[in-house]
Amino acid sequence: MTNVLLIGNGAREHALAEALVKSSKLYSFMAANNPGISSLSEKIKISSLNDFDALKAFVNEVQPDFAVIGPEAPLDMGVVDFLEELKVPSVGPHRVLARLETSKAFTRDVMAKYSVPGAPRFKVFEDLTEAKEFIEELEGFVIKPDGLTGGKGVKVQGDHLDTVEEAIDYCKDVLKDHQSVIVEEKLIGEEFSLQCITDGKTVKITPPAQDHKRAFVDDKGPNTGGMGSYSCEDHLLPFITDEHVQQAREITELMAEALYKETGVRYKGIMYGGFIVTKNGVKLIEYNARFGDPEAMNVLPIMKTDFTKVCKAVVEERLDDFELEFEDKATVCKYAVPEGYPSNPVKNVKIEVGDSKARIYYAAVDQREDGLYMTGSRAVAFVGIGDNIAEAEKIAQQAVSDVKGPVFFREDIGTERLLNKRIEHMKQLI
Ligand SMILES: Nc1ncnc2c1ncn2[C@@H]1O[C@H](COP(=O)(O)OP(=O)(O)OP(=O)(O)O)[C@@H](O)[C@H]1O
Ligand SMILES: [Mg+2]
């Protein structure tokens, strides 16, 4: 039996745990006691994910064959490098490679240096001398802090900023606590997520999915960590073709190669590309160096290939040994989040989750003697799986609307009305 160390404690990690325990023993290092992960684990350790002394003690105790890193923050801290010193290989990139996510400037510069296609016009600024001129040149602009911001730092013209003056002011703000700021051309199109698994040489794709960042129905309200996502039984999306998916896969293959040329280290882990289909083809918005949350829950539950086997092949650089297979099923994930989320969520309030046909993945909740309590961020994710998206959406909608307590959710995710909106939007562009 393979012993696997899982790091992290959100719904993404619960889905990872569920996929891993099919053929391995699980040891979980968590910042909070996720009841879903705990119920699947041989042993758990609750500690700050940045406490490497606690991690070392747990590694010595459970002797894992390899580790799977869920969230991005430990990657930014160099957890993979630290585990390597303890002779534990990881599914997750070394710190120099985690810059794929943790430094948007690094990613754009590597794309330019090695001619990886799919980048918008962009410039990185450490001071703002020429910034105004460049912003004025662009038809539309996007401002990005260089560094992790938990999905809340990027500001898009038309959504968060309007004038060049506002853009410059925001750049000044960013440079108060960031090394540099990236100004990008605003791309127009429909976004999709393509989570790829790589051993640094071979790139395997998983079914594309679409996330919903805005808090409220019809894409209104503030950006969140993601309110839910869907994928389709044909492993495409209603507004993309197989050609688009192949373009995105090719960009990721070229990027994996470029990262090796740039750093001399193989990227072993997840390259989660945030892509956008524009009238000029597929472009890259960003990479994340881990599975998406919620998008992990659209691909792991329908993976037919044994995930422990996939992880072993990643750490042993033999991913080209086999094909990654997925069920021809549609999936819809809807998150129940606390009232007031994202800016002012209710905390320490009890919720009740009913029985349903949906897969349930626990996130920011705490299992106490008298029940399940929300701890302030996205609480529970419900995933419907069906032969088509209508079936999957119905299962997820029924489950999430059955939650008792002060929560809200986006009922429109995966509905025909919202899918048609995406399709119409693409038609107007092309
Ligand atoms: N060049 C661009 N053109 C158009 N929209 C963009 C562009 N860059 C970013 N966006 C929009 O801003 C959102 C967030 O940007 P990005 O994904 O780079 O930031 P992030 O903070 O890393 O987000 P995440 O939490 O998804 O990792 C994107 O999902 C997209 O909607
Ligand atoms: Mg990101």
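Tutor: A polar contact is a pair of N or O atoms within 3.5 Å; within protein, one must be able to donate a hydrogen and the other to accept it, and residues adjacent in sequence count only if both atoms are side-chain atoms. A nitrogen atom of ligand 1 is 2.8 Å from a polar backbone atom of Leu187, so this pair is within the 3.5 Å limit and is a polar contact. The model is predicted: local features need pLDDT of at least 70 and side-chain atom pairs 80 or more, while totals for chains, interfaces and linings use all residues. Residues are numbered from 1 along each chain as its sequence is written, chains are lettered from A and ligands numbered from 1 in the order written, and side-chain values use heavy atoms, with hydrogens and water left out.

Student: Which side chains have an N or O atom at 2.9 Å or 3.1 Å from an oxygen atom of ligand 1?

Tutor: The side chain of Lys144 has such an atom at 2.9 Å, and that of Asn288 has one at 3.1 Å. The protein covers 87% of the 610 Å² of accessible area that ligand 1 has on its own (Shrake-Rupley method, 1.4 Å probe; for residues, only the protein chains shown count as cover).

Student: Which elements give two or more residues to the shell around ligand 1?

Tutor: They are β7 (141-145), β9 (181-185) and β17 (281-288), and β17 has the largest share, 3 residues. Helices (H or I, at least four residues) and strands (E, at least two) are DSSP runs, numbered from the N terminus. Of the 17 residues around the ligand, Lys104, Lys144, Leu187, Glu191 and Glu286 come nearest (a residue is near a molecule or strand if one of its heavy atoms lies within 4 Å of it).

Student: What makes Glu286 and Asn288 donors to the magnesium ion?

Tutor: Donors are N, O and S atoms within 2.8 Å of the metal (3.2 Å for Na, K and Ca); water is not among the atoms, so sites may look incomplete. Glu286 (OE) and Asn288 (OD1) coordinate the ion, ligand 2, at 2.1 to 2.2 Å, so they meet the 2.8 Å limit.

Student: Why is Asn288 called buried?

Tutor: Buried means under 20% relative accessible area, exposed over 50%, partly exposed in between (1.4 Å probe, protein chains only). Asn288 has 4% relative accessibility, so it counts as buried. Gly386, in strand β23 (residues 380-386), is buried with 2%.

Student: How do you know that β2 is largely enclosed by the rest of the structure?

Tutor: In strand β2 (residues 24-30), 6 of the 7 residues are buried, so the strand is largely enclosed.

Student: What makes β2 a partner of β1 and of β3?

Tutor: Two strands pair if DSSP finds at least two bridges between them. There are 6 bridges between β1 (residues 2-7) and β2, and 4 between β2 and β3 (residues 43-46), so both pairs meet the requirement. β1 and β2 run parallel, as do β2 and β3. Tyr27 is the bridge partner of Leu5 and stands opposite Lys43 in β3.

Student: What makes β10 largely enclosed, and which strand pairs with it over 9 bridges?

Tutor: In β10 (residues 190-198), 8 of the 9 residues are buried, so the strand is largely enclosed. Strand β16 (residues 269-278) pairs with β10 in the antiparallel sense over those 9 bridges, with Glu190 opposite Val277.
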